[in-house]
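These notes are meant for a colleague who is opening the structure below without having seen it before. The points go from the whole chain to single residues.

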Amino acid sequence: AAAASDLLTGWCLFGLALLAILIFCWIYVRKYQSRRESEVISTVTAIFALAVALISSALLPVDIFLVSYMKNQNGTFKDWADANVSRQIEDTVLYGYYTLYSIILFCVFLWIPFVYFYYEEKEEDGGSTCLQVKTALKYTLGFITICAVLLLIGAFVPLDIPNKKNSTEWEKVKLLFQEFGSSHGLTALSFSISSLTVIGMLAAITYTAYGMSALPLNLIKGTTSAAYERLENTEDIEEVEQRLLRIKSKCRDGRPLSSRDRRTVQQLEERLRTLRRRERHLESIEKSWWTKFCEAIRPLKIVWGVFFIIVALLFTVSLFLSNLDKALHSAGFNSGFIILGTNLTNPLNMLLPVLQTVFPLDYILITTIVMYFIFTSMAGIRNMGIWFFWIRLYKIRRGKTRPQALLFLCMILLLIVLHTSYMIYSLAPQYVMYGSQKYLEQVRCNTLKKQPNFSIENVLFTVTLKPVPHSCIVTRTYVFLHKFWFFSATYYFGNWAFIGVFLIGLIISCCKGKKSVIEGELDEDDSDTSDDELPVYYH
């Protein structure tokens, strides 16, 4: 009865968390999408993809909680957690991973590309809906082909091939199908997800590492005063108007302007239109209640900024020590830099076992870490925009983000969330594998000091990365993460790149001055009608 009550409570909390995630996704997408270019299908797709990303991030703490919840503090299984129930719980978590990861594959390789190309075709040609759908399906077919190739490689390429000289080609083919059948498609899905995780690693290196430095320092430094910016903007307007008058005075006697002066006049008029739009934005922001509210909570922002920079430094130091431990004590590249045991303890790996003694502090911390990575990723994408190598594709701006940019944003977040699980494993490998499990082991103890009399006693051990009894249950997250050693090796080098980009971003963020109060709200290529797209709280 107690177990049923706990499970019911858990499902209720899960339902509330799911509702909160959907509400947050709706608010976030509506906050950034363009008011003039918003489309129902792209909005629904973006909300759904973002919700899937956040729900997927919640799998890790749930997985760790379930493997820990089946055991008592004395290392024995609870009365209700017999072998069948334990297997059912493991299968339930595994099916949860199957479902969410399959949805991620569907979003990344089919739904998001189709909606993206559909609106790209709509903007370029403006033709019939049928033609747009055909063109979008034609481009999406390439993504579907890539997904199929990844699934086939993961399904039919065995990790360990027996070296039998007398085996025929037909026997080798039979071995491939036997391995596929025995894994129930787990290897195929794991390979596909791991391939996407590598892309997510690149996105995390680009956006999350920079966001971890930019977000806290922007909170600490704040923005410039709207009144001060209005004063500077007024001076710029007067200067541009005077230059225009000087140039136009050359043609008062009827002489035409030179081609160089005409180009200068055109540039100055465009500059003047931008400054006047800027003036209207600054005036609205200066009088808004939102600006006054932000000024009132300025001390709280500084506190949050200091807290976030401390957390970022804690993560970076922990990641550095974990990677250094792998570099010094692992079996090397061919093993994926996997180590058994912790030789260099990092701060986070020390903190989590301490928090395990007070339920549920460790789960709160691990959930906070996951959400911290997601929000810093959002901050990094918002500050940098969406790039393809050196080409800037889209900007993320409040109330002015195009539907295609929102789709890109949600796809990048999906990929980053996949990599988050491995990032946390790098920070706390023991905890991610076994949670707070303990186990009993019989050892021989010397009962007398002088005579060699031994007795068998049960001694309680905390699970470590070293070989443990079969009674200890490994999280399903670990099963997915370490199917292929070469992906683990790639993540190892990616962690070093992540640390390097974070340090570079930290230096750049420290050297940059305060952000403009309307940064991201106004751009040179905005039209005059863009003034109507100011966020509601600025009116």
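1. A residue is called buried under 20% relative accessible area, exposed over 50%, and partly exposed in between, with a 1.4 Å probe and protein chains only. By that rule, buried residues make up 46% of the 539 residues in the protein.

2. This is a predicted model, in which local features need pLDDT of at least 70 and side-chain atom pairs count only at pLDDT 80 or more, while totals for chains, interfaces and linings use all residues. Residues are numbered from 1 along each chain as its sequence is written, and side-chain values use heavy atoms, with hydrogens and water left out.

3. The secondary structure comes to 17 helices and four strands, taken as DSSP runs numbered from the N terminus (helices H or I, at least four residues; strands E, at least two). Of the contacts (heavy atoms within 4.5 Å) with a separation of 6 or more, 78% join residues 24 or more positions apart.

4. The largest nonpolar core has 112 residues, and Phe315 and Leu414 have the most contacts inside it; such a core is a set of buried Ala, Val, Leu, Ile, Met, Phe, Trp, Tyr and Cys residues joined through side-chain atoms within 4.5 Å. Setting aside residues up to four places away in sequence, Leu414 touches Ala49, Val52, Ala53, Ile104, Cys107, Val108 and Ile112. A second, separate core has nine residues, including Ile237, Leu257, Val265 and Leu272.

5. Helix α2, residues 40-57, has 18 residues and reaches 26 Å from its first C-alpha to its last, close to the expected 26 Å, a span that is defined as 1.5 Å times one less than the number of residues. Because 14 of the 18 residues of α2 are buried, this helix is largely enclosed by the rest of the structure.

6. Serine 192 lies in helix α7, residues 186-221, and counts as buried because its relative accessibility is 0%. Apart from neighbours within four places in sequence, serine 192 is in contact with Leu105, Leu150 and Leu151.

7. Arginine 243, in helix α8 (residues 226-248), has 36% relative accessibility and therefore counts as partly exposed. Not counting residues up to four places away in sequence, arginine 243 touches Thr264 and Leu268, and its C-alpha is 8.8 Å from that of valine 265, which is 22 residues away in sequence.

8. An unreviewed UniProt entry annotates residues 258-285 as "coiled-coil region", although such annotations may be inferred rather than shown by experiment. In the model that stretch is 96% helix and 0% strand, with its end C-alpha atoms 41 Å apart.
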